[in-house]
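Hi,

Here is the structure I promised to pass on. Have a look at it first, and then read on for what turned up.

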Amino acid sequence: MLRIYDLKNQQMLTKPDFWKLTEGFVSFRGVSFVGSFKVIEQELLPRFQQVKLILGMEDRQTGQKMEQIFNVPRRVEELVNASDTFLQRIEAGSLQLKSTKQALFHSKYFLLENETQFIIFNGSMNLTKQAMTQNYELVWCYRGEKAVPQDQAIYQAHLALFKQNFEVDSTDYVNRKLIQQIKGKSRQEITAILTDHVAQETTTAITLQKEEIAAITDQQQREKVVAPQWVKAVQAVYTAKGNKKRDQAAAQANAKVLYYQAFTQDEHRVIPENELYPVPMWTYDETEGQVLVQNPVTDRYEPLQASPLRRADLENFVNIIESFHTNKVRDESLQALSAFLYLMTAPLI
C-alpha cells in the first residue's frame, strides 16, 4: 500500500490519493519507470499543461539498459497506439519524453509547480497503477511556497537536479521532429524511421561503458547481459575494447542495416529474432531491393555480389549428390536430395 510522509507537517498520510495531492499544479517534471504511454496519456496529459518525463529502468542489469536504448519495436508499438492528442502534445513540445544515454535512471522523483507553489515527491513509487494501489511504496512529499525563503532551498536543489538529468544526462525517447515524419505511415515505415533515429543516437549521443561492451564479446556470457538481437548492432558501432569506431559514418550505416533487420515487421506484428533461428546467413532488404549476405569475417550483412561459377563449385555439388546415393537408403535418396535443393534455394524464396 502507498504511504506518503509529509515532511513539512511531519505526518504520515493515511490512504493518500496521489492524484488528488497533485491538484492545482500545471507543470509536471519527473523520473519514473512508466509501463506504457497509457499512464501518461490518461493521467498526466489531462492534468498538466507541461510534462517533462525521464523514462527510467528498474533493473540495473546491463541488458536492461540496452533493451531501453535499442528496443525499436516497443517504441513503434507505443507510437502506433498513441492518441492524436498524445502525438500533438509531443509535436508542440508540451510533452517531452527522454531516456538514458549513459547510466541508468533508477531514481523516482517528481517536481510539480504552478506560478506560486510547488510540491516534490521522492521515493520508491513509479507512475503505474500497481505502484499507487497495490505495492508497498514509501514516498515523502514537500509542499512549499516559492516566495517563502525556507522553501526555496529544497525547490532549487530539485529543480537543478532535474535540469541536469533532463538536459545533460538523458536523450530523446521520442523526438518531436519525428512526429511529422511518421504521420500516416505504416508500421514498417515507422520502424525504418525510428531505426534511423536510434542508429544516429547510438553513434552520436548514447554512450555505453567499456565494461558493458566487453561483456558481450564473450559468446558464453553475452546472453546474460544483453538480448541476442542487440549484440551485432552494438558491435557495429563499438570495438571489442568498448571504444567507438573511428569511422562513425560507416558504423551508423552498418548499424542501421542490422537494426532494421532485427526490428523489421509486417503490417500486423513485430517479428522476434528468436523466430528466425538459426540466424539466417541471407536476408532480403525491402528498402534497397537487394539480397544481403552475412560476411563470415565481420558478421555484417552486405549486398550479394554475383560471382562467376567455378569448377570447384560444380564438383562439390556433384560430390554431395554422390554422397546421398552412396550413404542413404535407396528409397530415401530423392527425398534427401530434394531437401538439400530446398535448403540451397530457400534464401531466395
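Let's start with Glu43, which is partly exposed, with a relative accessible area of 25%. Its salt-bridge partner is Arg47, and the N to O distance between the two side chains is 2.6 Å. Arg47 is partly exposed too, at 36% relative accessible area. Before you go further, please keep in mind that this is a predicted model.

How many salt bridges are there in total? The count comes to five.

One of these salt bridges joins Lys8 to Asp151, with the closest N and O atoms 3.0 Å apart. Lys8 sits in the loop between β1 (2–6) and β2 (11–13), while Asp151 belongs to helix α7 (residues 149–167), so this pair ties together parts of the chain that are 143 residues apart in sequence. Is each partner buried or exposed? Lys8 is partly exposed, because its relative accessible area of 39% falls between the 20% and 50% cut-offs. Asp151, on the other hand, is buried, with a relative accessible area of 0%.

Next, take a look at Glu113 and Lys146. They form a salt bridge in which the closest N and O atoms are 2.5 Å apart. This pair also links distant parts of the chain: Glu113 is in strand β6 (residues 109–113), and Lys146 is in the loop between β8 (137–145) and α7, 33 residues apart. Glu113 is buried, at 8% relative accessible area, whereas Lys146 is partly exposed, at 22%.

Now for the helices. Which way do α4 and α9 run relative to each other? Helix α4 (residues 72–81) and helix α9 (residues 187–204) have axes that come within 9 Å and cross at roughly 130°. The two are therefore oblique to each other, and their crossing is right-handed.

If you want to see who meets whom, the α4 side of the contact has Val72, Arg75, Val76, Glu77, Leu79 and Val80. Facing them from α9 are Arg187, Ile190, Thr191, Leu194, Thr195, His197 and Val198. Sorted by type, the residues of this contact come out as seven nonpolar, three polar and three charged.

Cheers

Technical notes:
Residues numbered from 1 in each chain as written. Predicted model: local features only at pLDDT ≥ 70, side-chain atom pairs only at ≥ 80, totals over all residues. Heavy atoms only, no water. Salt bridge = Lys/Arg side-chain N within 4 Å of Asp/Glu carboxyl O. Helix = DSSP H or I, 4+ residues; strand = E, 2+ residues; numbered from the N terminus. Buried < 20%, exposed > 50% of the residue type's maximum accessible area, 1.4 Å probe, protein only. Axes fitted to C-alpha atoms, helices over the stretch in contact; angles between N-to-C directions. Parallel < 35°, antiparallel > 145°, perpendicular 65-115°, else oblique. Left-handed = near helix turned anticlockwise from the far one by under 90°. Contact = heavy atoms within 4.5 Å. Nonpolar A, V, L, I, M, F, W, Y, C, P; charged D, E, K, R; others polar.
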